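Reader: Walk me through a few features of this model. Take them one at a time.

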Amino acid sequence: MTKLEDIPFQKPKNGYAPAEDSWLLVQTVQDYAQNIRGKKCLDMGCGSGIQTAAMLLHQAKEVVCADINPHALPATQKMVEKYFPNTDVKYVESDLFARINEQFDIFVFNPPYVPSDEIKWVETDGGESGRAVIDRFLDQFPPYLKKNGECYLLQSSLNGVQTTTRKIEKMGMKAKITAKQKLAFEELIVLKIQFIQP
């Protein structure tokens, strides 16, 4: 059986190579593997395809890979065809949900979150507070998540975790921290977001 650590994920042109944040998000995918098995999943900002691979390893029924970077999609597709043949994977070039028109059980998203004066590198830069893409994602995603679905979102402590959780709560949803990793000047955090069930 293929192991995630054995796959040589390729950095797409103008894209992002797997780093500490990628592997922290993979940890959450692995921790909630039972929630992914047999489910329809969305890898938002698929990049090299590491989250897609993690979901396929845990028997996702279907994965849709979306990325604003057109070079990311063939990089992910090449990886899937080599290591996960005969799986149900689709590829959509999309700025967040602009070209997504279906609902999912699971979202996984490692957004660009680095605080920056300007968005020069779309794969990493998140604007002044690092929240430019995070906030757009939070504003857009609820209609695309099934009522019993889950969203796994990574962000940095520099982006304001309480800002995110308050926004989620105002939307009638709940957020739980599932993983953390301290780095030199920040802490990486993965949030599991769900609708509040009546």
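Reader: Start with packing. Which helices and strands do the buried residues of H1 pack against?

Author: This is a predicted model. The buried residues of H1 pack against helix H2 (33-36), helix H3 (50-57) and strands S4, S5, S6 (173-182) and S7 (187-195).

Reader: Which residues of H1 are buried?

Author: They are Asp21, Ser22, Leu24, Leu25, Val26, Thr28 and Val29.

Reader: What span should the 12 residues of helix H1 have, and how far apart are its end C-alpha atoms?

Author: Count 1.5 Å a residue, so helix H1 (residues 20-31) should span 16 Å. Its end C-alpha atoms are 17 Å apart, which agrees.

Reader: Now the rings. How many aromatic pairs does the structure hold?

Author: Nine. Take Phe107 and Phe141: their ring centres are 5.9 Å apart, with 75° between the planes. Planes over 60 degrees apart count as edge-to-face, and this pair is edge-to-face.

Reader: Where in the chain do Phe107 and Phe141 lie?

Author: Phe107 is in strand S4 (residues 104-109). Phe141 is in the loop between helix H5 (132-140) and strand S5 (145-156). They are 34 residues apart, so the pair links distant parts of the chain.

Reader: Are Phe107 and Phe141 buried or exposed?

Author: Both are buried.

Reader: Which residues do ring pairs link into a cluster?

Author: Phe97, Phe104, Phe107, Phe109, Phe137, Phe141 and Tyr144.

Reader: What sits over the ring of Phe104?

Author: The charged end of Lys40, 5.4 Å from the ring centre. Lys147 lies over the face of Phe195, at 4.2 Å from that ring's centre.

Methods: Residues are numbered from 1 along each chain as its sequence is written. This is a predicted model: local features need pLDDT of at least 70, side-chain atom pairs count only at pLDDT 80 or more; totals for chains, interfaces and linings use all residues. Side-chain values use heavy atoms; hydrogens and water are left out. Rings of Phe, Tyr and Trp (its six-membered ring) pair if their centres lie within 6.5 Å; planes under 30 degrees apart count as stacked, over 60 as edge-to-face and the rest as tilted. Helices (H or I, at least four residues) and strands (E, at least two) are DSSP runs, numbered from the N terminus. Buried means under 20% relative accessible area, exposed over 50%, partly exposed in between (1.4 Å probe, protein chains only). A charge sits over a ring if NZ of Lys or CZ of Arg is within 6 Å of the ring centre and within 35 degrees of the ring normal. The expected span of a helix is 1.5 Å times one less than its number of residues. Contact means heavy atoms within 4.5 Å.
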